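Please look over the sequence and the structure shown here before reading on. The report below takes a few local details and then the wider arrangement in turn.

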Protein chains: 2
Amino acid sequence: MAKAPVLTPQADDFPRWYQDVISKAELAENGPVRGTMVIRPYGYGLWERMQAELDARIKASGARNAYFPLFIPQSYMTKEAEHVEGFAPELAVVTHGGGKQLEEPAVVRPTSEMIINASFARWVQSYRDLPLLINQWANVVRWEMRPRVFLRTTEFLWQEGHTAHATYEEARDYAAHIHREVYADFMLNVLAIDVVPGVKSPSERFAGAINTRTLEGMMTDGKALQMGTSHELGQNFARAFDTRFLSREGSRDLVWQTSWGASTRMVGGLIMSHGDDNGLRVPPRLAAVQAVVLAIKDDPEVLETVRRIGAALTDAGVRVEVDDRTDTPFGRRAVDWELKGVPARIEVGPRDVAAGTAMLVRRIPGGKEPVAIDALPSLLPGLLEEDQALLLRQSRERREARTSDVRTVEEAAEAAKAGGWARLPWSEVGAEGEKRLAQDAVTVRCLTTEDGSVPEDAEAPGTVAVVGRSY
Amino acid sequence: MAKAPVLTPQADDFPRWYQDVISKAELAENGPVRGTMVIRPYGYGLWERMQAELDARIKASGARNAYFPLFIPQSYMTKEAEHVEGFAPELAVVTHGGGKQLEEPAVVRPTSEMIINASFARWVQSYRDLPLLINQWANVVRWEMRPRVFLRTTEFLWQEGHTAHATYEEARDYAAHIHREVYADFMLNVLAIDVVPGVKSPSERFAGAINTRTLEGMMTDGKALQMGTSHELGQNFARAFDTRFLSREGSRDLVWQTSWGASTRMVGGLIMSHGDDNGLRVPPRLAAVQAVVLAIKDDPEVLETVRRIGAALTDAGVRVEVDDRTDTPFGRRAVDWELKGVPARIEVGPRDVAAGTAMLVRRIPGGKEPVAIDALPSLLPGLLEEDQALLLRQSRERREARTSDVRTVEEAAEAAKAGGWARLPWSEVGAEGEKRLAQDAVTVRCLTTEDGSVPEDAEAPGTVAVVGRSY
């Protein structure tokens, strides 16, 4: 009789599979206040590595980290009309502090444009202060009616960049730079997700932005996940806060701004891009643990060998963990590491020690074979790079196979309902077409071009709409 | 006529000097909601380096990072009697979310014992799950009536560790390990603050703890700052949440717990420990910028030289910044770097280039002298280590010079009012003595022993009370 699967198979019930992985791989769990989540150490480890990779790219782009308050005076939120309209329904409000009712309630930040700009208006005096390039790592709160761990949570973690520039062109180019060199580079080369870069249609833009760049990933079920966005804010917030600078010519001009963010939602994207019926598959460049060396039995030679392999792999630059918890059955530990998606499992028992070999189990392509222990340090780094490339290739092939070129909005809706994406000229869609698609819970994920490059904005000629269902 | 000083001199008005440094060195500013702060990039850079150094020590101690929700159901806060009594007056309460009044208000975490233990009660099943060693980096909120940037703010950033153990002894030893190997090691060897390790008197313990270890630093004005604490929680929270484990013997026992935290308050401690009338002095091991290479004039050879020096110092392992912003007057930039406390300033003008020398200005011992440019990479790392040692020595000498051994509570109160610390047998003080000291706003900072070692707790025989005024 076949054993019951640890996870609900993806084909049976994808949302249930997703919840199962999150629970069984010990990634996260629901918090007691509706919509909040506890990120468990293994899940947080994925986020920490995402932070490190993104932070290095953000710093290389010239931005510096800072920290702005969690609480925003309620009155600030109303300063920019579109922004408040977009966020008002999602706000959490603090009405009492220190045992007293507050004179003015404070909003828990849903994003920080409204508090960062209060500082920017003071910090920016002259053209010498520009560009002002700031990033912050923070928690934000948006009250969620239908929460889903990592994908839509009332509180989530993210980075939000906020910049001010002297000209429209400079702001636009910086938003494009972040989109390409920070987000796309990270998602393709570290997360191994074949994201599609594009701009949002006007109706899908960030509240208060004049243009929003996005990266859309296709999940295993054919739905889209917005993985990171980069906004041109024009002078909307500068006007609201009167953020002006003395130009070289002596005039007092409003600054041009950008903001851009990526969040713990990417952890959800990682799970749904690479996971299979046995659990997670973590791309080696992201993995905090790239290889685990397992002692099968509590045997002195076995324990000595796993530690020696661990040390040799560390020396070879592999991020390795030695699992010598032999008071837990080996089979249970092996399933656990498989669930957690560690790319390489190196299993060592007494017979392996005698033969000078270990069993190498590769999570990403699958399969196991005995390997000479001495060969592991020279072999493994190359295999991990192969695994990294394979994940990206699989992500690309899935997206290509499940994206169809269509001619009409009706055909696009059908393709999306069937579990894929459709591409058609944006001129065929427009605001009217978006309304039609919405009836089937389908949206324009982004606007791109025939050759896959990113159009300047939604008005650029020859743009192509990528259409699908989304998380 | 002498120029007006950039900062209020310490001797004139120490609190004003502190505010001046924070503003002029661009460390932080007040946020719009009372008691909140904006941490500016230079101030946040100090915090980032503190995080990196502490995080490495925390991980080396076996703890793993995780993340727990910002919002705690109000009912949770009442589960542990002493804890709720301690924190109730400081809570911020969210009553509305998503446009509706909440059925149960949510408290913004003032610390996370109450939410972490809800998870621990699920995660801990058997002795195999112990010890459970968790840390989180987060913001917390405690409503402040008399806020002061970095020292007492309504919202602050910190790390909080939370652990569960099978025995009292194991929990006690882990709390002591964190106190010694994480906090004391970091504060002495990175922050260069000669902190005094000890335990808190019963009245000064964390709300809900059975023992609190602390590290107290003496600031330039002779007042004390509590720099980090490590608590034994006994089984108080385990009882509140019924956190039990199946022991090896088959019984279901309550776990023993610890919690420990250090916060952005350390930035305040850094400023007040090492700052002088010219600004900050940042210990080289902490400094994100250990050396700045300044171009005095916009001259091609000068610019080429500062970049070359920058590259050579980077190769020598020095964290360096090249300041070639020659459109800002040199004098203003020099004052700015001095305010920011960068340990080494290397100034290069056309005459220096011709002579093959640069002016080396050392912030920590003070003084300037010309140095051969080619000698800088071999010279500077050693000088920075000298600076690091000098700061710690100055901190120690100040503490020793301003600590007096006294015999009575009255003498202790006098010494503290005169701007120093007093040491006397704890048996002379006790709860009654603490009440007497409180009349002069003086407190027992910690209990230590004659030889400076840390007593087990307040009841240990032969303990010595260290008494002073504090922030």
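## An exposed aspartate in a loop

A:Asp242 counts as exposed, because 10 C-beta neighbours lie inside 10 Å of this residue and the cut-off for an exposed residue is 12 or fewer. The model is a predicted one, and in it A:Asp242 sits in the loop that runs between α6 (236-241) and β12 (244-246) of chain A. The backbone at A:Asp242 has a phi near 50 degrees, which is a positive value in a residue other than glycine.

In chain B, the loop between α6 (236-241) and β12 (244-246) holds B:Asp242, where phi is likewise near 50 degrees, a positive value in a residue other than glycine. B:Asp242 also counts as exposed, with 10 C-beta neighbours inside 10 Å.

## Cis peptide bonds

In chain A, the peptide bond that joins A:Leu130 and A:Pro131 is cis, with an omega of about -5 degrees. A:Pro131 belongs to the loop between α4 (113-123) and β7 (132-141) of chain A.

Chain B has a cis peptide bond from B:Leu130 to B:Pro131, with omega near -5 degrees, and B:Pro131 is placed in the loop between α4 (113-123) and β7 (132-141) of chain B.

## Where the two chains meet

The contact between the chains involves 44 residues of chain A and 44 residues of chain B. On the side of chain A that touches chain B, the largest share, 6 residues, is supplied by strand β5 (residues 92-97) of chain A. The residues of that side of chain A divide into 26 nonpolar, 11 polar and 7 charged.

Strand β5 of chain A pairs with strand β5 (residues 92-97) of chain B in the antiparallel sense, over 5 bridges. Within this pairing, A:Gly97 stands opposite B:Ala92 in β5 of chain B.

## Domains of chain A

Chain A is divided into domain 1 (14-274), domain 2 (291-383) and domain 3 (403-468). The centres of domain 1 and domain 3 of chain A, taken over C-alpha atoms, are separated by 25 Å, and the contact between these domains takes 18 residues from domain 1 and 17 residues from domain 3.

On the side of domain 1 that touches domain 3 in chain A, the elements that give two or more residues are β9 (196-199) and β10 (211-218) of chain A, and the largest share, 5 residues, comes from β10 of chain A. The residues on this side of domain 1 divide into 6 nonpolar, 6 polar and 6 charged.

Notes. Residues numbered from 1 in each chain as written. Chains lettered and ligands numbered in written order. Predicted model: local features only at pLDDT ≥ 70, side-chain atom pairs only at ≥ 80, totals over all residues. Contact = placed C-beta atoms within 7 Å. Helix = DSSP H or I, 4+ residues; strand = E, 2+ residues; numbered from the N terminus. Nonpolar A, V, L, I, M, F, W, Y, C, P; charged D, E, K, R; others polar. Pairing = 2+ DSSP bridges. Domains from an automatic or database assignment. Buried ≥ 20, exposed ≤ 12 C-beta atoms within 10 Å, placed from the backbone.
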